Amino acid sequence: MKIQLLPSSFDSQGCATSEQRLTCFLIDDNVTIDAGSIAIALTDAQRRSVRSIIVTHPHMDHIASLPIFVDDLFAELEEPHLRMTAVPVNHIVPTVGLLVSDGKTTVGFSSDTAETDEFWTMLNRAPHLDALLIETSFPNSMHKLAEAAKHLTPAMLAKELGKLNHNGMDILAVHLKPAYRDALISELAGLKIPSLKVMEPGRTYEW
Ligand SMILES: [Zn+2]
Ligand SMILES: [Zn+2]
């Protein structure tokens, strides 16, 4: 399974930058989870091949450019070929976390969430897990705001990972608020979890 976090901002040369302002994961070039940057970051070939879009919740950073994309392609959207299971997570609007499997590779997507249980139960029921993409929005010093906005800090993430029975999978932190990116990167490194990395927008990951 190939997964890319689509870039959401570009420098003056048109190259993708590492800040994540919008959420849109492209899977195997034909399905996306969320659609924040879908209309601005796909290549022409990807634009022609993406025909299924799963929206985890209707916050602007997850759907911002969807209307522009759908306007062109709505009539051609189809059911995903991938198998997806969705469970509610703990965010300020109804939001789902997803388990995505192509029969060989299985990946969990937390979407936006604070502490949650059903998501971890779903992951623990899967026979194996190759990768987990999980949000970490605010640094530890902003714990109160993270609780109010229903997001995770690195310290909360570490606690949540204690609910996971699988091990050995890659863990990719996403949804780092650009204003706190540096603090988040150092706090995530401070957790000393070797398989935990910050997901790079624009890079294709394969499992
Ligand atoms: Zn949200
Ligand atoms: Zn969000």
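Visitor: How many of the six residues of strand β6 (residues 96-101) are buried?

Guide: A residue is buried if 20 or more other C-beta atoms, placed from the backbone, lie within 10 Å of its own, exposed if 12 or fewer, and partly exposed in between. Strands are DSSP runs of E of at least two residues, and helices are runs of H or I of at least four, numbered from the N terminus. In β6, five of the six residues are buried, and the strand is mostly covered. This is a predicted model, in which local features need pLDDT of at least 70 and side-chain atom pairs count only at pLDDT 80 or more, while totals for chains, interfaces and linings use all residues. Residues are numbered from 1 along each chain as its sequence is written, and chains are lettered from A and ligands numbered from 1 in the order in which they are written.

Visitor: Which strands are joined to β6 by bridges?

Guide: Two strands pair if DSSP finds at least two bridges between them. Strand β5 (residues 83-88) runs antiparallel to β6 and is joined to it by six bridges; there, threonine 85 stands opposite leucine 99. Strand β7 (residues 106-109) is also antiparallel to β6, with four bridges, and threonine 106 is the bridge partner of serine 101. β6 and β7 form a hairpin with four residues between them, and glycine 103 in the turn has a positive phi of about 95°.

Visitor: In what order do the strands of the open sheet lie?

Guide: The six strands follow the order β5-β6-β7-β8-β9-β10, with mixed pairing. β5 and β10 are the edge strands, each pairing on one side only. Within this sheet, β7 and β8 run parallel and share three bridges, with valine 107 opposite alanine 131.

Visitor: Which residues of helix α7 (residues 154-161) are buried?

Guide: They are Pro154, Met156, Leu157 and Glu160. The arc is that of the directions from the helix axis to the C-beta atoms. For α7 the buried residues fall within an arc of 155°, so they line one face of the helix.

Visitor: Where is aspartate 29 found, and what is its phi?

Guide: Most residues other than glycine have a negative phi. Aspartate 29, in the loop between β2 (25-27) and β3 (31-33), has a positive phi of about 65°. Aspartate 29 counts as partly exposed because it has 16 C-beta neighbours inside 10 Å.

Visitor: Is lysine 192 buried or exposed?

Guide: Lysine 192 counts as exposed because it has 8 C-beta neighbours inside 10 Å. Lysine 192 lies in the loop between α8 (181-190) and β10 (196-198), and its phi is also positive, near 55°.
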